[in-house]
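Biologist: I have not looked at this one before. Can you walk me through it?
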Amino acid sequence: MSETSSPRIVIVGAGPAGIRAAATLVEAGLHPVVIDEGNRAGGQIYRRPPDGFVRTPEQLYGSEAAKARALHALFDRLVADGRLTHCADSSVIAVHEGRLQMLGEGGVQLVSYDRLILATGASDRVAPVPGWQSAGVYSLGAAQIALKAQGVALGRRIVLVGSGPLLTLVGTQLIKAGADVAAVLDTSPWRQQMRGLWDLAARPLVALRGLALRARLGGRYHAGVKLERIVADGKGVSAMRWRDAGGRQHLTSCDTIGMGWHLRAETHLADLAGCAFIYDEQWRQWLPKIDRMGRAGGGVYLAGDGVRLLGADGAEIAGRLAAAACLADLGLPAPSLGADLRKLARLERFARGLVRAFPWPAAMARALPDDAVVCRCENVTAAAVRQSSDFGGSEANRVKALSRVGMGRCQGRYCQLAAVELIAAQTGCTPGAVGRFRGQAPVRPAPVGAFLQDGSWRRGDHV
């Protein structure tokens with residue numbers, strides 16, 4: 001990796017937030033280092049397929065194709081001109097005292113920084129459904145990634161469950177690609193969805209596009225459903241058992257289920273970087289505490305869905321704001337972004353509408369039967385979480401230590417929110433009072449051999 005100018009600014013993530021942050025710094029005459037897990041920039045929302053892929057951007061990104069093209073071209077141009085350093089196919093697995101541990105092809109390397117911008121994005125927020133540990137169950141994001149990156153559907157007959165814009169978007173994308181989508185099951189009732197209309201009007205065109213996507217699903221779409229169980233045989237998923245809004249039971253045969261309830265912020269690196277957190281009652285999850293520009297303190301800045309769940313447009317704005325804050329703190333000229341702050345307020349209003357219309361199914365999580373698996377990594381059941389809460393109290397990490405919930409490869413990314421709901425219900429307190437699982441390094445699974453390839457991590461060498 002080439003030497004960069006001082007001050008040394010590292011950006012983690014090359015989605016919309018990371019790209020805009022990098023471009024803002026470059027315009028100010030700086031040379032940032034951008035570390036990203038993808039082979040090419042774009043993030044999850046604008047993930048790029050391999051070379052030679054036959055599907056067009058319009059087919060991949062729909063109405064967002066022009067934005068995707070613009071961001072891809074901007075970042076590629078900055079790389080080609082040598083104005084930033086791009087570390088592709090690399091994961092930051094730890095942060096400590098001004099240094100990152102970066103896992104890439106060369107093993108684990110230390111990367112020092114003077115300022116750090118975390119644009120780590122978000123992943124699917126999932127709620128356990130009895131049987132979800134079976135083969136053939138994926139997140140909505142996984143189904144979308146397979147479609148975008150490889151042009152394949154993860155199954156022959158698919159049922160999608162959850163709530164939120166991604167549910168209907170993935171459904172229509174799969175159908176358009178020729179997949180057999182048997183049903184799209186939304187746990188949010190129509191009446192609940194109507195409660196978000198006023199705030200959703202902050203972005204009327206986006207709201208109308210969402211309604212149009214739902215219309216394309218036709219009779220496949222069902223609102224206000226109750227998910228009872230994922231039925232599986234020895235080979236994997238065989239059916240989804242559910243009840244419609246009228247209480248009638250259905251058994252829909254399928255070999256694949258995609259599930260997701262909007263998004264959860266990816267906050268593990270922010271935790272290791274020492275950021276403060278607050279429990280957001282609106283999103284029912286712990287989010288890093290920042291000012292309006294993205295400052296988290298200690299030379300760390302946050303941008304995008306890793307701190308504000310506002311989608312791609314909001315992430316672009318947040319990336320520019322974080323970079324501008326970084327420049328101002330360094331005593332360098334920073335762009336005026338008053339218009340961006342005003343637009344951000346509209347996006348926040350729209351996000352409030354989404355939360356009201358498509359809420360996290362807290363009641364469903366709390367009512368899980370004792371034999372339902374909560375933590376797929378460690379095969380921890382709802383009964384084990386409840387029993388550990390009775391024995392150890394309402395603190396999240398004490399229950400984690402006793403039951404092993406959240407101790408697997410995903411470090412609680414997919415089970416923590418439901419586990420907290422279970423603990424809160426069992427002990428009679430709020431999810432905010434339960435707390436959150438502490439982040440642990442490495443934040444991604446890392447092979448031991450990667451630390452031993454050249455020993456540089458032990459010597460303290462850095463790039």
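**A first walk through the model**

Modeller: Pro-442 sits in the loop between helix H16 (431-434) and helix H17 (448-452). Keep in mind that this is a predicted model.

Biologist: What kind of peptide bond joins Ala-441 and Pro-442?

Modeller: The bond joining Ala-441 and Pro-442 is cis, with omega at about -5°. For background, most peptide bonds are trans, and most residues other than glycine have a negative phi.

Biologist: Glu-97, buried or exposed?

Modeller: Glu-97 counts as exposed, because its relative accessibility is 71% and the cut-off for exposed is over 50%.

Biologist: And what about the phi of Gln-411?

Modeller: Gln-411 has a positive phi of about 55°, and it is not a glycine either. Gln-411 belongs to the loop between helix H14 (396-403) and helix H15 (416-427). Its relative accessible area is 15%, so Gln-411 is buried, the limit being under 20%.

Biologist: Let's zoom out. How many helices and strands are in the protein chain?

Modeller: The protein chain has 18 helices and 23 strands. Of its 463 residues, 54% count as buried.

Biologist: How many of the contacts join residues at least 24 apart?

Modeller: That share is 67%, counted among contacts between residues at least 6 apart in sequence.

Biologist: Now helices. At what angle do the axes of H4 and H5 cross?

Modeller: The axes of helix H4 (residues 140-150) and helix H5 (residues 165-176) cross at roughly 30° and come within 10 Å. The crossing is left-handed.

Biologist: Which residues in H4 meet H5?

Modeller: From H4 there are Leu-140, Gly-141, Ala-143, Gln-144 and Leu-147. They meet Leu-166, Leu-167, Leu-169, Val-170, Gln-173 and Leu-174 in H5. The residues of this contact divide into 8 nonpolar, 3 polar and no charged.

Biologist: On to strands. What is the order in the open sheet of 3 strands?

Modeller: The order is S13-S14-S15, and the pairing is antiparallel. In general, strands of a sheet pair through backbone hydrogen bonds, either parallel or antiparallel.

Biologist: Which strands stand at the edges?

Modeller: Strand S13 (226-233) and strand S15 (249-253) do. Each has a single partner strand, so one side of each lacks a neighbour in the sheet. From one strand to the next, the twist averages 25°.

Biologist: How many bridges join S14 to S15?

Modeller: 5 bridges join strand S14 (residues 236-243) to S15. Trp-242 has His-250 in S15 as its bridge partner.

Biologist: Last one: how do S18 and S19 run?

Modeller: Strand S18 (residues 277-280) and strand S19 (residues 285-288) run antiparallel, joined by 4 bridges. Tyr-279 stands opposite Trp-286 in S19. The hairpin of S18 and S19 has 4 residues between the strands, and in this hairpin Arg-284 takes a positive phi near 55°.

Notes
Residues are numbered from 1 along each chain as its sequence is written. This is a predicted model: local features need pLDDT of at least 70, side-chain atom pairs count only at pLDDT 80 or more; totals for chains, interfaces and linings use all residues. Side-chain values use heavy atoms; hydrogens and water are left out. Axes are lines fitted to C-alpha atoms, for helices over the stretch in contact, and angles run from 0 to 180 degrees between N-to-C directions. Helices (H or I, at least four residues) and strands (E, at least two) are DSSP runs, numbered from the N terminus. A crossing is left-handed if the near helix is turned anticlockwise from the far one by less than a right angle, and right-handed if clockwise. Contact means heavy atoms within 4.5 Å. Ala, Val, Leu, Ile, Met, Phe, Trp, Tyr, Cys and Pro count as nonpolar, Asp, Glu, Lys and Arg as charged, and the others, Gly among them, as polar. Two strands pair if DSSP finds at least two bridges between them. Buried means under 20% relative accessible area, exposed over 50%, partly exposed in between (1.4 Å probe, protein chains only).
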